[in-house]
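Subject: Structure handover and notes

Hi,

Here is the structure I promised to pass on to you. Could you load it before reading on?

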Amino acid sequence: MNAPRPFSTPVTVAHPALPSLKEFSKGLEEIWERAWLTNNGPLVQKFRRQLIEVCKTSNISLISNGTLALQLALQGLEVTGEAITTPYTFVASTHALFWNKIRPVFVDIEPHYYSLDPEQVEAAITPWTSAILAVHVYGYPCRLEALAAIARRHGLKLIYDAAHAFGVEVNGIPIGKFGDASMFSLHATKVFHSIEGGMLMSQSPDLIRRIDYLKNFGFENETEVVMPGTNAKMSEFQALMGVLLLRQLDAMVEKRKAAAEHYHARLRTIPGLRLPPPPAEGVRYNYAYVPVEIDASKFGATRDEVYEGLRRFNVLARRYFYPIIPDLVCYRGLFPASGLTVARGIADRILTLPIYSDIEPDVIDRICDMVLYIQAKEHSRSVVAGLALPTSTPANAVTAQ
Ligand code: T4K
């Protein structure tokens, strides 16, 4: 089998969507003329109005980034003591707890869509628990009803890190309408973005009012500061990007859907590879990521061999989310981390493949060919070393161009 031709420039896991430079430049000129750059400027207000339409609620607050938005949600909801949370996420979810002096209590996840296992959540509640911080990992909705029932039964706040889930809906309801508050990241690597940016959504107008104070130092007016806030305001430049890209949201999601389905068609049936099933009925998904679990005993190559192999072809897939949070240097040994077997297993097998709205089908085909080439190569190496696994299936490998 011929080695696939490496990409001449890196194919990265994410690639920011961009509006036309002409439109962006025109927006910049208008900002220049106004000389109004931040502090709830006209573009931030316009962006908010547009988001109110898309998100079907006026209870939203725009923040400078998702991490600060989550920190503010925890502040605004006065979460203290312990919060039950997931070990399988991006570091920012736990950092937001830590910065608020809230103790994270990690419980295991469910294996299908990688979110908190509600049964484990209920078992971990103590007299100090005041909240559940769940994450819609890769944009797949958590077990919303089960988590809501637990929160209700025990009087806990339910906060969703919806960093990956912009545009996701469940039975026509935007995902941000579940729980006490949801945080969306509008970072450049996301399905929809404002360069950096974050958004909080809640069912409670009171909470949003509080967040609006908190993100602006707590100012009521020039001389009155009503709470000790911070600075987490969105700038006009961020809002300009958001305003221009929001128009393209549906088209971008459609293109991502086609890309994700292309990967699925190529990889779904390969023994040793697991791609999550299509989202449940009623879920409008946003195709934020393409996670693939690699079971080395069946595939014949380990996740890290595929990760490294792809790098040699200039494909920068990522191991989102490895290692799990309590195993990171900054948290290791600080919190109990036994029994997180599902999360640890997935973190050891996971690889997220490049996806963005303008990824070409040909690029996806080449990446899939590379994965299969790496598999075949690792299999031959095992045969030579006398380690061949009977279940490995290099016969799946296609002849790469
Ligand atoms: N909660 C969860 C569950 C999250 O996933 C995140 C962020 C947050 C909270 C916090 O939200 P923010 O505060 O970020 O709004 C990236 C993103 O920076 C981060 O936003 C995201 N999650 C995380 C999953 O991915 P890194 O450290 O992996 O980014 P980086 O710089 O390695 O970029 C990834 C790839 O994207 C690069 O290989 C190249 C490409 N890229 C990146 C940037 C910034 C571009 O092509 N252009 C760009 O401008 O965290």
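Below are my notes on what turned up in it.

Some conventions come first: this is a predicted model, so local features need pLDDT of at least 70, side-chain atom pairs count only at pLDDT 80 or more, and totals for chains, interfaces and linings use all residues. Residues are numbered from 1 along each chain as its sequence is written, and side-chain values use heavy atoms, with hydrogens and water left out.

**Confidence**

The protein has a mean pLDDT of 95, and 96% of its residues reach 70 or more; pLDDT is the predictor's confidence in each residue, from 0 to 100. Please take care with residues 390–401, where pLDDT stays under 50. The model has 34 contacts beyond four places in sequence for that stretch, a contact being heavy atoms within 4.5 Å. Where pLDDT is low, the predicted coordinates should not be read in detail.

**The seven-stranded sheet**

Helices (H or I, at least four residues) and strands (E, at least two) are DSSP runs, numbered from the N terminus. Two strands pair if DSSP finds at least two bridges between them. An open sheet of seven strands has the order β2-β10-β9-β6-β5-β3-β4, with mixed pairing. At its edges are β2 (60–63) and β4 (103–106), each pairing on one side only. From one strand to the next, the twist averages 25°. Angles here run from 0 to 180 degrees between N-to-C directions, and axes are lines fitted to C-alpha atoms, for helices over the stretch in contact.

Inside this sheet, β6 (residues 157–161) and β9 (residues 181–185) run parallel and are joined by three bridges. I159 stands opposite A181 in β9.

Helix α2 (residues 42–55) packs on it and touches β2 and β10 (198–201), its direction making about 135° with that of β2. Helix α6 (residues 144–154) lies across β5 (129–135) and β6, and runs at about 150° to β6.

**The three-stranded sheet**

A further open sheet has three strands in the order β8-β7-β12, with antiparallel pairing. Since β8 (173–174) and β12 (283–284) are its edges and have a single partner strand each, one side of each is left without a neighbour in the sheet. Two bridges pair β7 (residues 169–170) with β12, and V170 has V283 as its bridge partner in β12.

**A helix pair**

Helices α9 (residues 249–267) and α13 (residues 361–384) have axes that come within 10 Å and cross at roughly 30°. That makes α9 roughly parallel to α13 (angles under 35 degrees count as roughly parallel, over 145 as roughly antiparallel, 65 to 115 as roughly perpendicular and the rest as oblique). Among the residues that meet are H262, Y263 and R266 in α9, and I364, D365 and C368 in α13.

**Backbone details to check**

Cis peptide bonds join Y320 to F321, with omega about 20°, and Y322 to P323, with omega about -5°. F321 lies in the loop between β14 (315–316) and α12 (341–349), and P323 is in the loop between β14 and α12.

N40, though not a glycine, has a positive phi of about 55° and lies in the loop between α1 (21–34) and α2. E78 is not a glycine either and has a positive phi of about 55°; E78 is found in the loop between α3 (66–76) and β3 (82–85).

Best wishes
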